[in-house]
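I opened my notebook to look up a few things in this structure. Here is what I wrote down as I went.

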Amino acid sequence: SHLIQNDQLMMTKDYTTNQVYVEDYDEHGLQVLSILAADRVDFKGIVPHADYLLFITEDNRLGTETPIEEYNWLFAAEAADSAGVDLISSSLGYNLFDAPFTDYAYEDMNGENTVISRAAGLAVDKGIIVVTSAGNSGNNAWNYITAPADQPKAISVGSVMANLDKSGFSSFGPNSNGHTKPDVMAFGSSTATIKSQGDVALASGTSVAAPIIAGLAAGLIQAIPEARH
């Protein structure tokens, strides 16, 4: 609520419906946002006084996975660039889609082949810091990072447990060109978040590790602006 009251919510858009509302479904985004922006007596985000733009690019309404979502991310990144943002925090990743002929292979995870990874690279070239989750496929047959975590210019974030061991689900690198990924790890196993009813709940995944690093980066560039370079 403080984001609205203090005019810190600068823009919202759901690119899957072309509406401005971003609170209609799925609490994944809320949990990620809470790590960054929450400002309650019982829960403090990392950078609650930052300005925010909130974009939905992943269509979770029907449980589908299609390449159009990559283009949604591209459009959101263009809007972010036009608004002059300093940093993008992104918690999603792509390799397999509903239609197998559109799937990516590990060889495509080179930062150059996928639409979303190319878009992330262009955003960095524009001066935006891009922080992205590495992926949660570490225990799967595909255990590699997913796009855009393969983008060498982006900060890809894996997950560690409380004892600092890698979380089993955290995806592996390097990208297919041999670039070391993920770039950094953060606490992504049973991480405290806020859910839609306002209750504090634990969540696991590189999706909750990435905003921790995004918050750290935001605080760093506020304190030391030249650090962004």
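Before anything else, I noted what buried means: under 20% relative accessible area, with exposed over 50% and partly exposed in between (1.4 Å probe, protein chains only). Helices (H or I, at least four residues) and strands (E, at least two) are DSSP runs, numbered from the N terminus.

This is a predicted model, where local features need pLDDT of at least 70, side-chain atom pairs count only at pLDDT 80 or more, and totals for chains, interfaces and linings use all residues. Residues are numbered from 1 along each chain as its sequence is written, and side-chain values use heavy atoms, with hydrogens and water left out.

**Entry 1: helix 2**

I looked up how much of helix 2 (residues 28–37) is covered, and it is mostly covered, with seven of its ten residues buried. I listed the buried ones as Gln31, Val32, Leu33, Ser34, Ile35, Leu36 and Ala37.

**Entry 2: helix 4**

Which residues of helix 4 are buried? In this helix (residues 115–125) I found Val115, Ile116, Ser117, Ala119, Ala120, Gly121 and Ala123. I then checked what covers them, and the cover includes helix 3 (68–83), strand 5 (87–90) and strand 6 (129–133). Contact here means heavy atoms within 4.5 Å. Just after helix 4, I saw that Gly127 takes a positive phi of about 100°.

**Entry 3: the cores**

I needed one more term: a nonpolar core is a set of buried Ala, Val, Leu, Ile, Met, Phe, Trp, Tyr and Cys residues joined through side-chain atoms within 4.5 Å. In soluble globular proteins, nonpolar side chains tend to be buried together. The largest core has 20 residues, and Trp73, Ile88, Met109, Ile116, Ile128 and Val130 touch the most other members. Helix 3 and helix 4 are the elements that give two or more residues to this core. Helix 4 supplies the largest share, four residues. Apart from this core I found another, of 15 residues, including Leu36, Val157, Ala210 and Ala214.

I went through the cis peptide bonds next. The bond from Ala147 to Pro148 is cis, with omega near 10°, and Pro148 sits in the loop between strand 6 and strand 7 (155–160). The bond from Gly173 to Pro174 is also cis, with omega near 0°, and I located Pro174 in the loop between strand 7 and strand 8 (184–187).

Then I turned to phi. Asp7 has a positive phi of about 55° although it is not a glycine; I found Asp7 in the loop between helix 1 (2–5) and strand 1 (9–14). Asp7 is exposed, at 61% relative accessible area. Ser190, also not a glycine, has a positive phi near 55° and lies in the loop between strand 8 and strand 9 (191–194). Ser190 is partly exposed, at 41%.

Is Ser167 buried or exposed? Ser167 is buried, with a relative accessible area of 0%, in the loop between strand 7 and strand 8. Its side chain makes a polar contact with the side chain of Ser189 (2.6 Å). A polar contact is a pair of N or O atoms within 3.5 Å; within protein, one must be able to donate a hydrogen and the other to accept it, and residues adjacent in sequence count only if both atoms are side-chain atoms.

Asp14, in strand 1, is buried too, at 1%. The side chain of Asp14 makes a polar contact with the side chain of Thr17 (3.2 Å).
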